Structure formats: C-alpha cells, structure tokens
Amino acid sequence: MQQGREKLVRLYRLMFLTRRTEETTNQLFQEGKIRTMGHWSTGQEAAGVGVGAALRADDCLFPTHRAWPEFIGKGMSPRSIVAEFIGKGTGCAKGKGGLHISSAEHGVVGLVGSLGSDFPIAVGTALSAKMRGTDQVSCAYFGEGTATQADFHPAMQMAMLWNLPVIFACVNNQYVELVHYREVISFDNLIDLAQGYHMNAIPVPDGNDVVAVFDAMSEAIARARRGEGPSMLEIKTYRVAPHFTGDTGAYMPPEEVAAWKARDPIAGCRARLLAERALSEGDLLTLEKEVEAEVREAIRFAMESPHPSVEEAFSDVYATREVVR
Amino acid sequence: MSRKILYVQAIGEAFAEEMARDERVFVMGIDVTRAVFGLTANLVDRFGKERVRNTPICESGIVGAALGAALTGMRPCAEIMFSDFTYVAMDQIATQVGSWRYMTGGQYKAPMVIYTLDGGGMGLGYNHSGCTEAVFQGSPGLTVVAASDAYTAKGLLKAAIRSDDPVLFFGHKALLGQPGEVPDEDYVLPLTKARIVREGGDVTVVAHHLMLHHALGVAAALEKEGVSVEVIDPVCISPLDRETILTSVRKTGRLVTVEEGRRTGGVGAEISAVVSEEAFFDLDAPIKRVGAPPIPVPGSAFLEQTCYLPGPEDIRKAITSIL
Amino acid sequence: MVTGVYVPRWGVTMENATIVAWLVEEGMPVVQGQDLVEMETEKIVNIVEAPATGVLRRILVPKGETARVGSLLGVISEAGEAFDLEALRGVEAEVQTAGAGERLSRAGRPAEKNQRGRVRASPPARRLAEEHGLDLAVLEGTGPEGSVSRDDVERAIAAAVARSLKEGDKTAGGVLLHYVSAGGEESGLKASPIPVVLVHGIAGSAILWQANLAAIGARHKVFAVDLPGHGRSGKPGGRYDIDLFTRSLLGFLDACGLERVVLAGHSLGGHVCLKLALEKPGRVGKLVLIDSGGLGPGIDLGFLKPVLGGVTREATETMLRGLFANPAMVNRPMVDATFEALSRPGAWEAVRSAVESAVPRGIQVESLAERLPELKVPVLIAWGAKDAVIPPAQGMEAHAALPGAELWVAEHAGHCPQIEAASEFNERLLKFLN
C-alpha cells in the first residue's frame, strides 16, 4: 500500500537519522570535544521512533533518558537536539536544559532527571486536554526500571479514575542501568501491571519491529482520542549500547548482545524495504547520504554555536519577574 | 466598603471569585469537595466536580498532575492538607514545579498554586503540626507566601492564582477562625512585598502567621513600658522583601525574628544572614531568632504548649535581651 | 595598597634625621615590621621598621641625606601598583604632628556614620575605643564600608601614646634626674588614676623600657627614670649605693608631685623599689619586682666584667648579650644607646661604685627577703626562667613568702623578661595593674 510504503520509509529514515546522530555525537564525546553524559539507544531505536512517530505534534510526550529516538520520531531536528545537548545557546532550551531536551513546538514537554516524576505530570497534561475539550493525548514513555518509582501508582490510578487520554508506554530493554531487570523486578512482563489497574494492555513482543510498535501505539492513541481512556504498552527490545557513555557494558553477556544485534531494528527495516520493493538499494543509499549530510550539518551547527550568554543563566526562572541574586 | 469575615471564608471567597473569573482555574486535592478545614467549602456546589476535583491520596501525584495541567493551559490549585505532607511531594515541588520553565528555556510556564496549612497547637502530634515553609526558601522558580490574616489571605491567594508563576501558599490552622476586615471590591496584594503592621523605633520584629499576632500583643505591652516595637509581616518567605526589612533595621538597630517553625535553618536564619551582611554596622545588638526547638512536635498537648510552640513570653524575652 | 614611609618623631625636640643606611634595596620585597632604614638624629640612632608588607618601590632620600620629621622617605606597595607621590607628600604635615610609630597609608578619612548617626565600627573596635576613652568619630576607618576596625583603634591608641612621649629632667637632692614619660592626660586616652614608675637595673637606663612604654602608656601615665650615675641623669660622684638610689627615687616622686604610684623595678631597680615600698608604704600602691635584687645573697655579675674592664662598644655588646637567653635579642640601637650612656663622664665610675656597694664580694650584701611580709600592697613577681644573673629560685621563694602575690615566669627569657618576652610581659603587667 502506498500508505504502508510511505510509513515504512518514514520510519526507516527516522531510525537511521537517530542512529547516525547518536553515533556522530558519541564520537565527539570519545574525542573529548564535548562534555556530558550520553545514554545511547543503540538497538532499541524502533521502540522510541515507533512511539514518537505515532503521536501528533500537539500531543504531549514525556520521554526516557535514552530519548533521542522518541525526540526524532516526534519531529525534532538533530541540530536543535545536539546544540541543546552540548549546552549551546542555539539549543531548543537555550542551553539551559542540556541533556533535558524539550520542544513545545513538537510536544516534547520535558525530560525529568528523577525518572518517574513525570508519570503524574503526563497525567496532568492529559487531564488538561480533557478539561479543555481537545482530542490531544499524552504519553509517558519509560523504561521497565522506572515502573517501580513511587509516582507510577497514583498516575495509573488517576488515569483510570478520570478516564484520561494518556498512554503509559513501557520500553523493556531488559537492563535497568547496570543490572538485568529481573534482579530488581519480581516478574517478567511489565504489562501485568496494567491488569491491577484494569487498564487496557497492549503487549508488543517484538519491539525491534518498528511497524509493530507504530501500529500498537496508534491503536492506543486512537482509543484515547475516542475518549476510551488510557492504555499501557510493553515494548520488548534490547539495549545493545551500555547504560551511559563511559560504561563498558561488561555486565551484558556477549552471546546475548550478539543475538540481539542480529535482530537490529534498522537492518531489519532496511531489509524489509528492499524485500517489499518499497525502495531500491540506490534509493536507500541516497536517503542515507541525505541523512548523513543532515547529521553532519547538525553537528557542525552545534559545535559552532556560541554558548548561552551569561544573562541567560538568570532568565526564565520566573515568567513574571527577574531573579534577585 | 468592607466587612468582617473569617480567615477561612476569605480563602473560600478567593477561590470562588477566581474560579468565576477564569474557567481555567480549578481546585484538586484530597477531600476538596468535603473541605476538611473548610477552605473549599461549598465550591463544588457552584463549580461542579470537574473543577473541584477529589484526588486519590498521594501528594506527589497531586502536585505532579497539577504541574502537567499548568504546563498545558490550565490554572490548577493543588491542595496539600497539612503542610507536613509537602515533604511527601518534595521532588515535585522543590525540583519539578520550580524548574520546569527554566529547564525548557522558557518554552513552558507553570501558573499553578499549591496551597497548604501550617500549624500546631491542636495536639495532633509530630506529623500533622508542622510549619514547613522554611525548607522551600531559595527554591528556584517558586514564590513562597504566608498569609497571616483574612485580608492578606484573600489578596495573596487571588494574586497567586492570577500569577503566571507557581506559588506555594501557606495558611495557618490556628488562624482559620480569625475575623478580619476584607474589602468588598476585587483586590489583589503584591506577592513579594512585606508589610509594616506596626511602626516603631527601638526594635524590628519580623513575624508571620500566629506569631505575628503574638508579636503585636507583645509590642502593645512593651509600648507601655517605653519600648517602641516595629512589627513586620514578611508576607513573602521566598524571595524575601529585603528592602523593607533592611530599612527598618537601619532605623531601629535591633532585630528579632519570630516563627513557629524550627529555629535551625528557619526563616529567621535567612533573615539574620541577610541583615548581618547588608546592615552589620547598623546593628547595636546581636540578632535574635525565636522559633521552635529541634524536636519533633510532642504528641502530648501539654508538652506541645509548654516546650515546643514559641509564644509571647519567648518573643518578649528575645526583645528585652537586646535592649 | 600604597603605604608611605615617613621620618618618624623619636623625641619632642627632634627636627630631622639623617639616613645612615637603607637595609632593603629599592625594588625588593619587605614584610611589615622588618628593619627598613637606619637613621640618626642628634640624640640617637634608630631603625625604622617597614610599616607595611609589599615591595619597596621607591627610595626618595638616599644614604647620607637628611630629612625633616614627617617627610616622605619611601614608598611601599604591591608590585606594579600605581602610586601618587603628590598625595603621599600631601600628608607630611599630619605625620609631622603625629608621633613615632604612626602609620598613615593614605590621607586620613574620618569614619563613616550610619543612618542614625552612629559611627560605623565593629563591636571589638567600639569596645577598645571606649576602654581607652577614644572618640570613634575622629578616628580613621579603614574597615569594610569605611568602618572603624580594631586595627584602626589600635593604631590611634599607639599614635596617641607616641604623641605623649616626653623627655625631661627633675632635680632631687641636688642631682639631675632624667626621665621619659608617656600616657596620661597628654595622650588624651583614659588613664588609670595611679601612675607607673619604672626603675632600671645596673648599667642600664630608661632606654631599656622601650618595649614596654607604649603598652603601659596606653592605659597609665608612666615614667621611666634614669638612676643617678646612669643614662642622662647627673653623676654626683661618691658612693652609689642603694640608699642613694632609694632617696633619689623618692625625690623624683616628690618633684613630679606623685603621691602614690605603682613601682616596677628591674634587677638593682627592683631592690630600690622594694626598699622604698618598705620604707614609705603610703607612697606605693602596687609593686612589681622583675628579676629583682635584694631578695637573697646569690648573684652572678659576670656579665658586667667586660665593661668594668673599660667601656668599649664591643664590651657593651658582650655585656648586653649576657642578659638574654637568646643573644640575638641584642640589636644595634640597643648597643648604641647603652654604649653612649656608659661613655658619658662619670658613668663607668658610677657602675663600679654601685657594684662595690651592693655586691662587694660576689654576693648581695642586703637581703630584704625577711621583711617581705611587711608589704601590704599587691605584688607581682616576674622572672626569666633562664636568668643567669639572679637565680629564679629567689623569685619563687619571695612569692612563697607573700600570700596573695602573683608570679609570672617567662619560660624562654634570661635576666630581662620585660624585653625578651615583652608582649607577654606587657599583657601580664596590665592585667595586674587593672
């Protein structure tokens, strides 16, 4: 189908753009040219892109820390992401968020540092949409380890209590920071949590299939827009990258890593594009070259951008007045 | 024209008037339809359950949801019934609410109010009797106010609801039944301006909530003994109205701060530091702080009254010790 | 910060001084208190200490040249800091009228006042000024916000005492008695009602109280008298015994109109003060005995041997060394002043005669130890633990014999703890006096 083909190409491009942006930024880090902590999403791009791309620009997204796939899926440009990430004044948050990237224009409301604090905030944005009578939806996108945070519970409760248009999209990449998730969570399938709240549950067993993720998310979104309330997704995937730049990932068994690398979402999508003759090899190379160019331009822009001015440090603390130092 | 109403009624009127004025304003919290302390009494009858919204018991959930709503076009007022429970929502209040605008480089704003009640003296013990405004001093992005009478309560709460910035509003349980003159017409008070409640020349006393009224009583008694006390209601706990306090201290040369909260790291601690930095050479005597001791609030009402809560005698002693 | 070095006033009659030698080269660093420049007047040679820490940026008056009291000699500042010679010269007149030891770093600014008209001053500064009767309003304030700091008050006290420094002569029993005085009404400071009189030891003079005059003068009128035959006092000839000294001291008190005083005596001078306190109890309010004679037979006058052989500069230096546990205490001005005094006609004879009278055969002839219980006034006994002249044991025994007396021992000092441990001594003495 034309629609199906366009969707597949779009999703591929978004995933490829994500990976190349992350890899190129990581290189800057390895070369000592930038200074901050990166949480790369290598291997789980399908999850974030599938979720982000299914949402509208005016829907609210609260991402994980490993968030570039969902930022890019939601429509943000690499240049504004990288510029913000390295703290430049041209970043989407004028350099004051740093790795806490946000974009009101794209409905990326903000990235909290204490993961899980955003559960009720996401619920609040959904409450707001309902009270204002719009069909906007909200999405709290989180890793399985965050599900144990205190505010998960009242958020799920309030979502069900008030029948809110909010989606709890859990990406289970099997590792909670540096340990396997079953060391800190007592059961295998996070989707079981939805049962306790009588919430609509949508498992996505192959989270490396970007179309599967996109479709599952679209289903949840449609329900929410129709006023049928919240859903929870569990997207099963695997984090090939270590937890953060500087972490060696030595705690991840090599055979496990290798097995999942063989199921790489981007390679899989590429193969599918070719198999379904959605794009030729030549088209793909052209697309990929364009993406590379976009990424190079984004990096160049970010690196050449100036730091925020000193005054910037003291502005935007309040909407109604200046800070008294 | 004005009339006398109770402090709790002044708060109720503020909510009612602002909710009528702006449909984006709504109240959420535990039992707000039933109004345990009467703050939101009868609001639900007028505005319905969507806008007077009972929530599950979870302070951090309540504050977080209010933040989300505020970021996306609504103007929520989140209730935390006892100010002790603000600590349960600490991350939301102290980090998320106050920082969201800055963290997004000004893309979002959080026009919301978190309102709560301080105060002991009812024998409710260690977890329902606290005064917790001090810990939020210096929290970026927050405006922390304390309403010490009906007039201020209404004016401040209305201003807080209309403000595009998040406001943490502290009322006091012991003042709920206190009558006060309140104008008939619509009015708001500036959120960050202290007020001189009583003028004097010999010593400056800064006090809020119930302590303000104790201080005024002590000032009246001392006047008969020839001591002239200037009493200031700080109104805004953070950021402090330094100018009003400094101007007063430069005039009197002496300062006593009074709060029901604990002395250590309290509101008086910050005021002392500011005054000693900026008006050291105007001081004729050390600054004295009156506040509660570093113990939990005793469950015994007797102990609470005799050993914990600061009172007029403590204020008087502090003043006379530096004359 | 820029600090001017000015010619200080070392005596009321001093008008100018000649540079003997700069002890630091231009462009070299200096530390506050370090010996900076040696100068000579008609009366003495003395060393000016660096008034501040920094670099000696400029020497304006070179070796061999003469300058008036108060004139600018040099400039100390941070390396590379700009300074204004005009401005520094501008305060010369003030320095001229100020006393020795005064340091004016920039044109004096009166202290700032606060909104209620109170001078801005730190609480310690306020307290110190009040104790000394100083009006804060006339003091220079170099503290934060133009406030008067403790240092400012101490400087003002030192300046007031320096201004009050006087030298004079009285005649008693036909003998001219020279003295130096400080403090009291002339200083403008609050002074206790009872003055202090300091009496030096054998071969000494008022000069040896230099380290104590300023401290005592801050709170008391203080006199340091030259005994007959010593310093600049007259040399009547004949026998210089304890009785002569005691009579002269009494005569000095009468001539000055001093009804009742604190007597503080060192070595032979202690013996004299003790004797006077016993014979005229009504004239002595408190007594201070410093490594005092007259408390027992034991004494070792070996240190005097060099000068008894003949007064030379080297002999004087050797003699002085014997008085201290740390010989480095002896500095050039001390040697010069002592040598000058001993070189005066009749001085050497006086020393010889005093030795023969008091210690004819190597032991002290008169011991007043048994009469100590007659004393009805507060007594402070001060001794250097390393005194090689009069054994500390005599001081301990005297203290034991006097219930209520105070004892102060300077652990690291020799025969002259009032010099060798001057600041401790001063503090202890002032505490005793107040």
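Start by selecting Gly253(B), which sits just after H7(B) and takes a positive phi of about 80°. Helices here (H or I, at least four residues) and strands (E, at least two) are DSSP runs, numbered from the N terminus. The model is predicted: local features need pLDDT of at least 70 and side-chain atom pairs pLDDT 80 or more, while totals for chains, interfaces and linings use all residues. Residues are numbered from 1 along each chain as its sequence is written, chains are lettered from A in the order in which they are written, and side-chain values use heavy atoms, with hydrogens and water left out.

**Helix H7 of chain B**

Now step back into the helix itself, residues 242-252 of chain B. Show the side chains of Thr244(B), Ile245(B), Leu246(B), Ser248(B), Val249(B) and Thr252(B), which are buried (under 20% relative accessible area, 1.4 Å probe, protein chains only).

Between them, 31 residues of domain 1 of chain B are in contact with 26 of domain 2 of chain B, contact being heavy atoms within 4.5 Å.

Together the two domains bury about 2,100 Å², 55% of it on carbon and sulfur atoms. That area is the accessible area (1.4 Å probe) lost on being put together, summed over both parts. Select Gln137(B), Ala146(B) and Ser148(B): in domain 1 of chain B they lose the most area to domain 2 of chain B, together 24% of what that side buries.

Now zoom in on Arg195(B) and Asp149(B), which form a salt bridge with their closest N and O atoms 2.8 Å apart. The term requires a side-chain nitrogen of Lys or Arg within 4 Å of a carboxyl oxygen of Asp or Glu. The count between the two domains is one salt bridge.

On the domain 1 side, highlight strand S6 (143-146), helix H5 (150-162) and strand S7 (167-172) of chain B, each supplying at least two residues that touch domain 2 of chain B. S6(B) gives the largest share, four residues.

**Last stop: chain A**

Finally, select Met156(A), in helix H6 (residues 152-161) of chain A. Is Met156(A) buried or exposed? Met156(A) is buried, because its relative accessible area is 0%. Leaving out residues up to four places away in sequence, Met156(A) touches Phe168(A), Ala194(A), Tyr197(A), Met199(A) and Met232(A).

Definitions and conventions. Buried means under 20% relative accessible area, exposed over 50%, partly exposed in between (1.4 Å probe, protein chains only).
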